[in-house]
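Please keep the sequence and the structure in view while reading.

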Amino acid sequence: MKPKLFINFGLPKTSSTNLQKNFYPFIKNVNYLGRTQGGGLDGNSEIFKELNMYIEGGEHTKFSNNRIEELKQEFRKNLKNRINLISMENWAFPYQRNVQSNKIEIVSQFEKLARLKKFVENLDVEFSFFVVHRNPVDGIISLFVTAQNRIEKIFGPEYLRFKKFLLKYENKDNDYENIKLLFDVYNIKKIKEIFYDINLKIFHYDDIKNNPEKFINDFYSYLELKTDYSLLKSIKTKTGASPLKKENYFAKTPSYLFVLLKKLMTKYLKDRIK
């Protein structure tokens, strides 16, 4: 019997850190190969680090055809259980730190997802992709807060003000395509175009946040396993919440200005995110 591989490619700000740290590694009878939390990628296996390097791509990342085939064979050998699971939210995020050059770079998430799909299709295993989706308005604001250091290095410190960043996107200036990548992170329609011939299972962030019992039931059903409610408390854990700070949104506690901005920008974003 072929092993089954379940692949979660994010999305960012959808409780990915929590699930990777407190849930996925502890599901009984499941071989978790995905990202572990705590210190970047240092705690991950070498095969995962190399797979991540290949999927993320980038200007300084080159893989020969022979090395890609070797990587597939090595990864296939690590699928030791009937059910195997991998998770990495950076594959759905365009502004990344290159693990080789340590520099911030822009790589389209859609290019990364296409590489991921091609890699998995040639593993000779049963596979399924799944994603946790979130309301784009809330998700983008939260993601902007988390990614501010990268945004500053790519676009400049003046674009740490969310309204200015939005105007840069709306004006369609020279950086429009790169700016648009962030606004497309939660664009499920475009994501589905990558996986057009493959079933893509969609879970909902609101269930994790407000109805974890439903999420855990749905997830175990997806894996075709009996629900283990002992992990329910783990799902409720909050990990990696966005830091906020007044004008540039850095502070560790939510500010009145951020809450006000969120209210003001909700309709504005809804009218512009397609």
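At what angle do helix α2 and helix α3 pack, and how far apart are their axes? The model is a predicted one. In it, α2 (residues 46-56) and α3 (residues 65-77) pack at about 140 degrees, and their axes are 11 Å apart. Angles over 145 degrees count as roughly antiparallel and those from 65 to 115 as roughly perpendicular; α2 and α3 are therefore oblique to each other. The crossing of α2 past α3 is left-handed. On the α2 side, the contact is made by Ile47, Glu50, Leu51 and Tyr54. On the α3 side, Arg67, Ile68, Leu71, Glu74 and Phe75 take part.

The chain has 274 residues, of which 52% count as buried. Among contacts with a separation of 6 or more, 72% are between residues 24 or more positions apart.

Next comes the sheet. Strands of a sheet pair through backbone hydrogen bonds, either parallel or antiparallel. Here, 5 strands form an open sheet in the order β2-β3-β1-β6-β7, and the pairing is parallel. Strands β2 and β7 stand at the edges with a single partner strand each, so one side of each has no neighbour in the sheet. Neighbouring strands of this sheet are turned against each other by 25 degrees on average, direction ignored.

| Strand | Residues |
|---|---|
| β1 | 4-8 |
| β2 | 30-32 |
| β3 | 83-87 |
| β6 | 126-133 |
| β7 | 200-204 |

Strands β6 and β7 run parallel and are joined by 5 bridges. Phenylalanine 130 has lysine 201 in β7 as its bridge partner. Helix α11 (residues 212-223) lies across β1, β2, β3, β6 and β7, and runs at about 165 degrees to β7.

Which helix holds serine 234? Its place is in helix α12, residues 232-235. Leaving aside neighbours within four places in sequence, serine 234 is in contact with Asn18 and Asn22. Serine 234 and phenylalanine 26 are 208 residues apart in sequence, while their C-alpha atoms are 9.7 Å apart in space.

How values were computed: Residues numbered from 1 in each chain as written. Predicted model: local features only at pLDDT ≥ 70, side-chain atom pairs only at ≥ 80, totals over all residues. Heavy atoms only, no water. Helix = DSSP H or I, 4+ residues; strand = E, 2+ residues; numbered from the N terminus. Contact = heavy atoms within 4.5 Å. Pairing = 2+ DSSP bridges. Axes fitted to C-alpha atoms, helices over the stretch in contact; angles between N-to-C directions. Buried < 20%, exposed > 50% of the residue type's maximum accessible area, 1.4 Å probe, protein only. Parallel < 35°, antiparallel > 145°, perpendicular 65-115°, else oblique. Left-handed = near helix turned anticlockwise from the far one by under 90°.
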